Amino acid sequence: MTRDPRAASTSPRDFLGIESLAPGELETLLDRAEALLPAAMGQVRSEPKLAGRVVANIFFEDSTRTRVSFEIAAKRLGAEVVNLGASGSSASKGETLVDTARNIEAMGVDAIVVRTSISGGAALVAQHVDRPVINAGDGRHEHPTQALLDALALRLRLGSLAGKRIAIVGDIANSRVARSAAHAFVRLGAEVIAVGPPSLIPVGFDAIAKGPGKVSITHDIDGILGDLDAIMTLRIQLERAAGGGIAPDYRAGFGLTSERRAKLKPGTPILHPGPVNRGVEIDDAVADDVADSVILKQVSCGVAARMAVLLRAIAD
Ligand code: CP
């Protein structure tokens with residue numbers, strides 16, 4: 001039975017954002033994801049805790065990492081998966097996201113994973129269906145499973161995020177990744193330094209997150225490189241930018257070039273959520289550095305993180 005839309009409530013099994021997680025939930029999810037990593041990578045067999053369950057991936061924005069890793073995560077746990085995109089579905093005829101989700105719910109799925117360009121779109125769906133809803137990225141709002149995998153990749157590398165200085169560089173304004181990462185890292189005790197040109201850092205970004213850590217802002221990337229414990233570069237989100245393209249001097253001003261990488265402390269992990277615009281926000285040699293680039297490790301952690309979130313949604 002679908003939930004009465006007038007009730008407009010969400011469920012504790014929904015996973016809509018890092019900001020709305022109850023105290024301690026982030027740490028519990030990270031512990032679980034870390035324990036699931038060997039199963040996520042197929043090194044050991046996972047317990048099929050979701051056997052007989054069906055997970056629906058509704059992806060109304062394109063995706064490689066998130067969609068495929070949700071599918072692998074669900075299958076590792078024994079679930080069946082159905083995938084729906086905007087193209088090839090009745091969204092192309094004008095059906096809304098909520099109507100799409102309610103129809104998929106009516107087919108008896110056990111959880112709905114949603115990616116949408118609408119900020120708040122995942123919560124909107126959650127208010128209208130009676131199945132757990134997982135946010136796989138909603139507009140500029142949040143990308144909470146990305147933050148989970150980022151935090152896991154950092155924890156594996158740094159041991160703990162408490163007291164660590166983590167720069168997030170680039171298009172903060174349009175980035176749901178930056179918002180979720182800031183919430184997660186601050187909860188875990190890190191200092192997040194938002195770095196970029198003034199036009200790409202929203203006013204008040206230093207006040208968005210609550211926790212033992214904090215967020216600060218700088219426009220001077222070269223001034224902080226030697227004092228970081230980790231650095232994450234972001235893609236310019238052209239699909240969300242209000243006109244214009246990438247400034248021709250962006251790489252010179254804020255790109256993680258080989259020259260800048262040389263100013264980092266030895267062993268500083270380098271993150272990027274993907275997809276990468278090579279030669280813009282990060283140079284090839286930095287992105288592909290076998291010692292310190294953890295970009296593909298992030299992707300591996302994504303499968304484990306999504307297994308943990310699916311178990312929380314359906315099995316717990
Ligand atoms: N990081 C991320 O969300 O990548 P995709 O858009 O490929 O899912």
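Residues are numbered from 1 along each chain as its sequence is written, and side-chain values use heavy atoms, with hydrogens and water left out. As the model is a prediction, local features need pLDDT of at least 70 and side-chain atom pairs count only at pLDDT 80 or more, while totals for chains, interfaces and linings use all residues.

The protein comes in two pieces: domain 1 (5-142 + 302-315) and domain 2 (144-298), with bounds from an automatic or database domain assignment. Their centres, taken over C-alpha atoms, are 25 Å apart. Across the boundary, 35 residues of domain 1 are in contact with 27 residues of domain 2 (heavy atoms within 4.5 Å).

And the ligand? Both domains give residues to the shell around the ligand, so it lies between them. That shell is made of Ser63, Thr64, Arg65, Thr66, Arg115, His143, Gln146, Pro273 and Gly274, each with a heavy atom within 4 Å of the ligand. By type, the shell has one nonpolar, six polar and two charged residues, with Pro counted as nonpolar, Arg as charged and Gly among the polar ones.

Ligand oxygen atoms lie 2.6 Å from an N or O atom in the side chain of Thr66 and 2.8 Å from one in that of Arg115. On the Gln146 side chain, an N or O atom is 3.0 Å from a ligand nitrogen. Of the 250 Å² of accessible area that the ligand has on its own, the protein covers 91% (Shrake-Rupley method, 1.4 Å probe).

Conventions. A polar contact is a pair of N or O atoms within 3.5 Å; within protein, one must be able to donate a hydrogen and the other to accept it, and residues adjacent in sequence count only if both atoms are side-chain atoms.
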